[in-house]
Amino acid sequence: MQELLEKYDIPAPRYTSYPTVPYWEEETIAESEWTEHVVRVFERDQRLSLYLHLPFCEKLCTYCGCNKHITKNHAVESPYIQAILAEWKMYLDRLPGRPVLSELHLGGGTPTFFHPENLRQLMEAIFETADIAPEHEFSFEAHPSSTTLEHLEVLYELGFRRISIGVQDVDEEILHVINRFQTLEQVRFVTRTAREIGYDSVNFDLIFGLPFQQQAHIVKTMDLVGNLMPDRIAFYSYAHVPWLKNGQRAFDEADLPNAVSKRALYETGKTLLEQLGYHDVGMDHFSLENDALYQSAQTGALHRNFMGYTPVFTPLSIGLGVSAIGDTFSAFAQNLKTLAEYQNAIAEGHLPLLRGHFLTEEDKRIRMHILNLMCRYETNWQPNDKKDLILARLAEPFADGLVEIRPFGVRVTEPGKGYLRNICLAFDARYWDKVPGGRVFSQAV
Ligand SMILES: C[S@@+](CC[C@H](N)C(=O)[O-])C[C@H]1O[C@@H](n2cnc3c(N)ncnc32)[C@H](O)[C@@H]1O
Ligand code: SF4
């Protein structure tokens with residue numbers, strides 16, 4: 001086990017997209033080309049998955065890998081909402097018809113930084129311009145320290161039925177090390193109140209591999225899970241990328257668990273979750289049997305996008321707000337990453353695009369393989385696959401019992417599930433064409 005962990009603890013993408021962002025080819029992306037792809041998908045299917053990035057947080061959690069803007073000044077809310085609505089209008093002006101919202105996700109940053117009435121104003125303005133699909137999934141990310149009863153009530157009235165609560169770890173010392181301010185009481189309050197109001201699904205975000213985190217901390221966190229029984233758990237591997245995220249420089253690398261201890265933290269968490277009745281549904285994600293995520297994993301309908309795993313698949317995703325990513329399946333586009341650049345672009349009246357990628361036929365094929373592996377732990381060969389090259393790269397994982405090679409494809413074995421990023425890497429033609437020289441990805445374990 002130790003040998004395997006050491007061998008496979010190499011930098012590797014988390015595969016929220018393929019090609020992964022460092023391999024996108026368009027350093028800038030023309031608005032007309034991107035919208036052409038958007039319109040083409042929309043003409044076939046008017047359903048839309050809308051992601052709204054709400055970047056503000058009052059305090060910086062030093063481990064954070066997200067795109068956020070730290071401020072205590074709530075006067076930023078209204079101009080930001082106006083910018084998002086202006087961006088949305090630019091899409092509406094280009095779409096040949098009224099969109100049908102099938103997925104809606106408020107991510108961040110901290111969506112609950114915003115006053116509930118401001119969130120209402122934002123959502124109602126969007127709902128006036130779109131229909132809502134009969135089967136829809138509306139979700140938001142909630143920080144326990146800023147989520148009030150009013151947030152929960154207003155978002156429920158607006159149709160949100162899924163809440164994802166950032167818990168990370170419950171130990172006070174660990175929370176202190178990561179500069180995160182929340183109490184157990186707040187986590188309990190948000191979870192129980194969401195249930196009482198009628199939310200269908202409560203998710204907890206947890207992290208293993210944080211500085212100073214030990215077995216006892218995982219046990220303590222899972223005690224709380226056992227107590228509150230959220231429907232889903234995202235049990236993330238701490239991604240240490242201090243060259244990208246300044247806050248993480250506050251950590252001494254010697255205080256982070258090594259690959260072996262980190263994997264032991266995961267294994268403890270996984271065992272305790274399974275004892276509580278959770279099922280592993282994909283990389284780092286667990287779900288109770290009554291939740292749609294488990295059911296879609298059973299039927300093979302599970303899908304993965306930039307926001308993580310989802311039980312529904314919508315071909316067109318539009319991202320609004322700073323750094324948000326859109327995806328047509330034939331193209332990706334990401335918005336400008338700083339608030340000032342984003343707001344300037346909107347004020348100038350053009351889509352605030354930073355970079356993107358148009359997928360080749362080979363990209364699309366590899367993307368399907370990676371999605372299949374991430375969501376179903378198996379994939380079947382397609383005509384034109386560079387099978388010999390992929391099999392050569394899988395020779396070691398095969399020898400180590402991580403994959404089964406079948407006449408029609410590849411299947412991840414039970415022990416292989418812990419090395420999914422490494423297995424996907426074997427399919428990643430763009431990575432092997434240009435192996436990164438410097439630090440680009442976080443460690444796979
Ligand atoms: C935008 S935050 C969630 C909402 C809210 N800002 C909060 O912190 O509660 C998204 C999630 O990403 C995860 N995350 C952030 N930085 C991470 C990192 N460096 N490694 C692994 N997971 C990370 C955390 O679990 C966090 O809850
Ligand atoms: S973890 Fe959440 S609250 Fe903390 S800085 Fe990141 S986005 Fe903000």
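1. Domain division. The chain falls into domain 1 (1-19 + 361-445) and domain 2 (24-358), with bounds that come from an automatic or database domain assignment. This is a predicted model, in which local features need pLDDT of at least 70, side-chain atom pairs count only at pLDDT 80 or more, and totals for chains, interfaces and linings use all residues. Residues are numbered from 1 along each chain as its sequence is written, while chains are lettered from A and ligands numbered from 1 in the order in which they are written.

2. Contact between the domains. The centres of domain 1 and domain 2, taken over C-alpha atoms, are 25 Å apart. Domain 1 brings 17 residues to the contact and domain 2 brings 19 residues; two residues are in contact if their C-beta atoms, placed from the backbone, lie within 7 Å. On the side of domain 1 that touches domain 2, α1 (2-8) and α12 (361-376) each supply at least two residues. The largest share of that side, 4 residues, belongs to α12.

3. Overall dimensions. The C-alpha atoms of the chain occupy a box of roughly 55 × 50 × 40 Å along the principal axes.

4. Secondary structure. The chain contains 16 helices and 19 strands. Helices (H or I, at least four residues) and strands (E, at least two) are DSSP runs, numbered from the N terminus.

5. Nonpolar core. The largest nonpolar core has 107 residues, and those with the most contacts inside it are I423 and C424. Such a core is a set of buried Ala, Val, Leu, Ile, Met, Phe, Trp, Tyr and Cys residues joined through C-beta atoms within 7 Å; a residue is buried if 20 or more other C-beta atoms lie within 10 Å of its own, with C-beta atoms placed from the backbone. Helix α3 (residues 77-94) provides the largest share of this core, 6 residues. Both domain 1 and domain 2 give residues to this core, so it lies between them. Leaving aside residues up to four places away in sequence, I423 touches L373, P397, L402, V403, V412 and G416.

6. Ligand 1. The shell around ligand 1 comprises 18 residues, of which the closest are G65, E141, H143, G166 and D205; a residue is near a molecule if its C-beta atom, placed from the backbone, lies within 6 Å of it. Strands β4 (100-108), β6 (162-168) and β7 (201-208) each supply at least two residues of this shell.

Terms used
A residue is buried if 20 or more other C-beta atoms lie within 10 Å of its own, exposed if 12 or fewer, and partly exposed in between; C-beta atoms are placed from the backbone.
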